[in-house]
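Open the model in your viewer and keep the sequence panel beside it. The stops below say what to select and what is there.

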Amino acid sequence: MASGSVNLEEIPYESLMNELLRRMKCAPKPEKRLILIGPPGSGKGTQSPIIKDEHCLCHLAAGDMLRAAVSAKTPLGIKAKEAMDKGELVSDDLVVGIIDEAMKKPSCKKGFILDGFPRTVAQAQKLDEMLERQGVKIDKVLDFAIDDAVLEERISGRWIHPASGRSYHTKFAPPRVPGVDDVTGEPLIQRKDDSAAVLKSRLESFHRQTQPVINYYSKKGIVATLHAEKPLTDVTDEVRKVLS
């Protein structure tokens, strides 16, 4: 057997059938290339898996792709690591190149959800140039719009069970016993990033960097503004209407 090939006989029958059924379901789906933009706590992470499953897209998170490329020691990953080791920012061209590589995976055949990139207009322009060379373009930018005061209430009330990742909220999803995980009885923690002071700094940075990106795509007529302060199911319904 050729190096790097997969022996199908060793893959469980159920896994093969599930993948076959998935591909049959995805075959008639139209291609979609989406960008999700929103501040921390706006619900992008909640909606992404739903969009991914319903439209057979791959989820491309810039940070995860960068770490994967570095770990896999791809040519672009090696260059990115060299920059990081020097304390330098990874160039926009490198990040766009890593996205370009990721888009070639079979799971991205029907398109992608891009999360965490672009953060600046210059990055958006480089991304558009790369896609144009492939004869495709961004179809829709989902803007998870939400008031900063609502975000502060959402985030500052979050508590995490570190071992499992289970999350709670003092107002919206409280544990049965305050400060204690429902399953294990172990203490919950609040992440440093979830403090009001850290959130304020992150939001200022987000608005300063990202509003110009939204304006850039608005001029192309592809931005859909979502009411991200609504309950999860209502936002999901909004997304479905936008993407239908």
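Helix axes on this tour are lines fitted to C-alpha atoms, over the stretch in contact, and angles run from 0 to 180 degrees between N-to-C directions. The model is predicted: local features need pLDDT of at least 70, side-chain atom pairs count only at pLDDT 80 or more, and totals for chains, interfaces and linings use all residues. Residues are numbered from 1 along each chain as its sequence is written, and side-chain values use heavy atoms, with hydrogens and water left out.

**Whole chain**

Helices (H or I, at least four residues) and strands (E, at least two) are DSSP runs, numbered from the N terminus. The C-alpha trace spans about 55 × 45 × 45 Å along its principal axes. Of the 244 residues, 37% are buried. Buried means under 20% relative accessible area, exposed over 50%, and partly exposed in between, with a 1.4 Å probe and protein chains only. Contact means heavy atoms within 4.5 Å. Of the contacts between residues at least 6 apart in sequence, 70% join residues at least 24 apart.

**Stop 1: α4 and α5**

Select 75-85, which is α4, and 92-103, which is α5. Their axes lie 10 Å apart, at an angle of about 150 degrees. That makes α4 roughly antiparallel to α5. Angles under 35 degrees count as roughly parallel, over 145 as roughly antiparallel, 65 to 115 as roughly perpendicular and the rest as oblique. Show side chains for the contact: L76, K79 and A80 on α4, facing L94, G97, I98 and E101 on α5. The crossing of α4 and α5 is left-handed. A crossing is left-handed if the near helix is turned anticlockwise from the far one by less than a right angle, and right-handed if clockwise.

**Stop 2: α5 and α6**

The axes of α5 and α6 come within 10 Å and cross at roughly 40 degrees. α5 is therefore oblique to α6. On the α5 side, pick D92, D93, V96, I99, D100 and M103; on the α6 side, A122, Q123, K126, L127, M130 and L131. These residues make the contact. This crossing is right-handed.

**Stop 3: backbone exceptions**

Most residues other than glycine have a negative phi, and most peptide bonds are trans.

- Select F117 and P118. A cis peptide bond joins them, with omega about 5 degrees. P118 sits in the loop between β3 (111-115) and α6.
- Select C56, in the loop between α2 (44-55) and β2 (58-61). Its phi is positive, about 60 degrees, although C56 is not a glycine. C56 counts as buried, at 7% relative accessibility.
- Select K73, in the loop between α3 (62-72) and α4. K73 is not a glycine either, yet has a positive phi of about 55 degrees. K73 counts as exposed, at 63% relative accessibility.

**Stop 4: helix α8**

Select 196-218. This is α8, with 23 residues. From first C-alpha to last it reaches 30 Å, close to the 33 Å expected at 1.5 Å a residue. The expected span is 1.5 Å times one less than the number of residues. Where does α8 bend? Go to T210: the bend there is about 35 degrees, and a proline, P212, follows within four residues. The bend at a residue is the angle between axes fitted to the seven residues ending there and the seven starting there.

Now colour the buried residues of α8: L199, L203, F206, T210, V213, I214, Y216 and Y217.

**Stop 5: α7 against α8**

The axes of α7 and α8 come within 10 Å and cross at roughly 140 degrees. The two helices are therefore oblique to each other. The crossing is right-handed. D148, L151, E152 and I155 of α7 meet A196, L199, L203 and H207 of α8.

Zoom in on E152 in α7. E152 is partly exposed, with a relative accessible area of 39%. Not counting residues up to four places away in sequence, E152 touches A196 and L199.

**Last stop: P162**

Select P162, in the loop between β5 (158-160) and β6 (167-169). Leaving aside neighbours within four places in sequence, P162 is in contact with P187 and I189.
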